[in-house]
Amino acid sequence: MKSLYKTAIVLTWVSTMLTVCGAAWAQDTSADEETDAARARRTAEQFQANARILTVFDGHGNIVTTIGEPGLFRYPALSPDGSRLAVVERNPESRISDLWVFEVATGTRTRITSNLSSTEERTALPVWSPDGTQLVYMSFRDSYEGVYRKSANGEGPEELLYRHPGSDVWVSDWSLDGRYLSFSTNDIFGGIFYVLPMKGNGERQPIKLLQAESRRGVDSPLSPSLSPDARFLTYVSDESGRPELYVRALDPMFNGQVPAATETRQVSLKSAKFALRQGWRRDAGEFYYVAANGGVMAVQVHDGSTLEFGEPRQLFRLSEAVDLDAGNISASRDGERFVIAVPARPTLQQITMLDRKGTVMTEVGEPGRYFTPALSPDGTKVAVRRNSPETGNEDIWTFEVASGVGTAVTNDVPFDRDPIWSPDSSSVAYHSRRGIYSSIYRKAWNGTGQVEQLFQYTPGAYLQPADWSADGRFLTFQDGCWGVLYVAPVGEGRDSAEAHVMEWLRDDYTVAQAKFSPDAHFIAYLSDEIEADVFEVYIAPFDPGQPDGGRAIAKPVKVSGKGALGMISWRRDGQELYYMTPDWEMMVVELITTPTVQVGEPRLLFRLPHPLLARDGNSPARWKNVSPDGERFVFLLDVLVTDITK
Amino acid sequence: MKQSIGAACVLVVIVIGSAWAHHSMSAIYDFNQRFTRTGTLKRLDWRNPHMYLFVEAGKDQEQLETWAFEGPSPVFFRKHKVGKADFERAVGRNITVEASRARDGSLSGLIRQVTLTDGTVVSLCPENC
């Protein structure tokens, strides 16, 4: 299908809405009712952000039909005859996920599993038996991931086939001769591919076929699949430094024994994202994968026992607003249909500058998949994480506000995230991963020169840079689960005794977003100290000369009024502080910090007409989006993509 | 400069230490190696990013070992019915911990499930699984 058209509607900014500021928000209701209402509203927002429509495409990328209503769907799998669809749906309130089967023609559905809402039980990754009468899936029960089998009409008992001692079981296929179920497990060091014999009854022992190391330290599935005739094994590995699709020949006499090492060949040409679950055609003449650029690819398999394949050819490629991953696409067994869980509201993001009243001042660059914007201290540039539609890489880009010209700061396979600016606006620091180590790196804003590693974290850990002090001496960051606020010296003298990373705040509640005051004598931060998951902004002293970082000098002062989401920023003179509330209100608070901290009443600057929805786990809370003079605010505004086909 | 960066990195790792940092758990623990220990809860460290239980256990009184079992963040328990007070009450008493073993072979593990003295079973999955 040729590229049709893509109509983008920039969501309009309605300034008249800005004065409402939620005054009608349950003034006469109790605190509990307010909390319940807020929770319900956020659940609805999350549903809106994550709901998907089960959509069937032909081999050219044309939409054939949609199935049922939007829902929190994942792991769609078409039955062998294409008449039914197995899919997992997550309950937006309980977070429990269950397996359902839809009739493709009518959209009627049958529940297959009934996990308990009082536990963390969940189901995932269904695959069909060759005759379409049974389903196998992974379910998490009683701290174990198990592989279960049940009738595809939902009747009869569930049978446990295998209970895995570890985690991250990825069920990928049921060989069309019925003999083997293929699945993999993975962790930060790589993955292991198994087959599970399907004949017989009761629990059975898996056969380990392949172990692949990960060079990137990313625990992504191998997405392995066994050919219908059990001659070939396809899988994705990053052993070359970037993810590619490989095919390994199995012994033609393979009979369930551990095979000897056999020939392996790389099939993908320009990086592969993943291989499709149930990704082999019924006649073993073709298999399917998704390239790094999001293209759905087909590879022809030549007759014979040797590893001979055609060149990968792109069947179709959807808009980058449809984020294909291994859990939201599968193929029919005849290779004629592809079912994709498409976002119900596919969007790209437009970098947009607002004034202090919330009015749009300018749009910067073209819409794209952007995350965590950071406005440079001189106000002339915006740094973002950008997901490249060409390579699939997560890189750091900077955009000049005046011209909209974008420049790649990084361009590499490892992910690069969470940019923050140096105080002189000359460079950008960001989080990246090499092997099992997360680090903070620095590079010039225009991508020139060498990358400099500022700081390496402990093995396996994730971190999120939050701020860089105006004097250039310190960075703040938080651990990946928002448990500790760290201060790291990065300026001159960091090789001296001062060069200790300081745990500035570590307690038993959640903390994040440590932002230095302009004189670096205070830090403002988010905390849910009073009530779990209800965040407020606090200010506490910072003194790198004190063992505790100065926090004991004075008690933290609460700044926010009725909750805070994040986006904390100080004005250059330290006399105003800004933050966003969970109701999407941009607030300002007047401050005096000498001789003691005194805060005024939070005042509304403007309210966003639409919620900013977290994507890929990137909450807007972490945006660093206010100019030092407090006059401009950078947002990533949704641009609705009305035609997802290209 | 490169050299000084390296020095700083080493220092950072020493200062923070793997025990105190939030991490992708599979870097430290092998999830395929499950084991169980029953013994006396000697103390707990209830701090972010991860809580710890220290359990003295062994096959007999001659071979007691102190195991350090790592759990999720305290925030996990703020949202569940079992919390810090329940673990504090269990100090000095027998508990059973099912865990994933540390890759370095040390006396430590990542908690999957804890059974307190009164029979209460606390699953720390999926955060720790």
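Which residues does A:Tyr525 touch, not counting residues up to four places away in sequence? The close-up views below are taken from a predicted model.

**View 1. Contacts of A:Tyr525 in the largest nonpolar core.** A:Tyr525 touches A:Leu485, A:Leu505, A:Val511, A:Ala512, A:Gln513, A:Ala514, A:Lys515 and A:Tyr538, leaving aside residues up to four places away in sequence. The largest nonpolar core has 86 residues, and A:Val382, A:Ala524 and A:Tyr525 are the members that touch the most others. Another core, of 85 residues, lies apart from it; A:Val56, A:Val136, A:Phe338 and A:Val641 are among its residues.

**View 2. The cis peptide bond between A:Thr594 and A:Pro595.** A:Pro595 belongs to the loop that runs between strand S46 (585–592) and strand S47 (598–599) of chain A. Most peptide bonds are trans.

**View 3. The cis peptide bond between B:Asn48 and B:Pro49.** Here omega is about -5 degrees. In chain B, the loop between strand S1 (29–45) and strand S2 (52–57) holds B:Pro49.

**View 4. A:Asp418, a residue with positive phi.** A:Asp418 is not a glycine, yet its phi is about 55 degrees. Most residues other than glycine have a negative phi. Strand S32 (residues 416–421) of chain A contains A:Asp418. A:Asp418 counts as buried because it has 24 C-beta neighbours inside 10 Å, and the cut-off is 20 or more.

**View 5. A:Met567, a residue other than glycine with positive phi.** The phi of A:Met567 is near 55 degrees. A:Met567 is part of strand S44 (residues 566–570) of chain A. With 26 C-beta neighbours inside 10 Å, A:Met567 is therefore counted as buried.

Conventions. Residues are numbered from 1 along each chain as its sequence is written. Chains are lettered from A and ligands numbered from 1 in the order in which they are written. This is a predicted model: local features need pLDDT of at least 70, side-chain atom pairs count only at pLDDT 80 or more; totals for chains, interfaces and linings use all residues. A nonpolar core is a set of buried Ala, Val, Leu, Ile, Met, Phe, Trp, Tyr and Cys residues joined through C-beta atoms within 7 Å. A residue is buried if 20 or more other C-beta atoms lie within 10 Å of its own, exposed if 12 or fewer, and partly exposed in between; C-beta atoms are placed from the backbone. Two residues are in contact if their C-beta atoms, placed from the backbone, lie within 7 Å. Helices (H or I, at least four residues) and strands (E, at least two) are DSSP runs, numbered from the N terminus.
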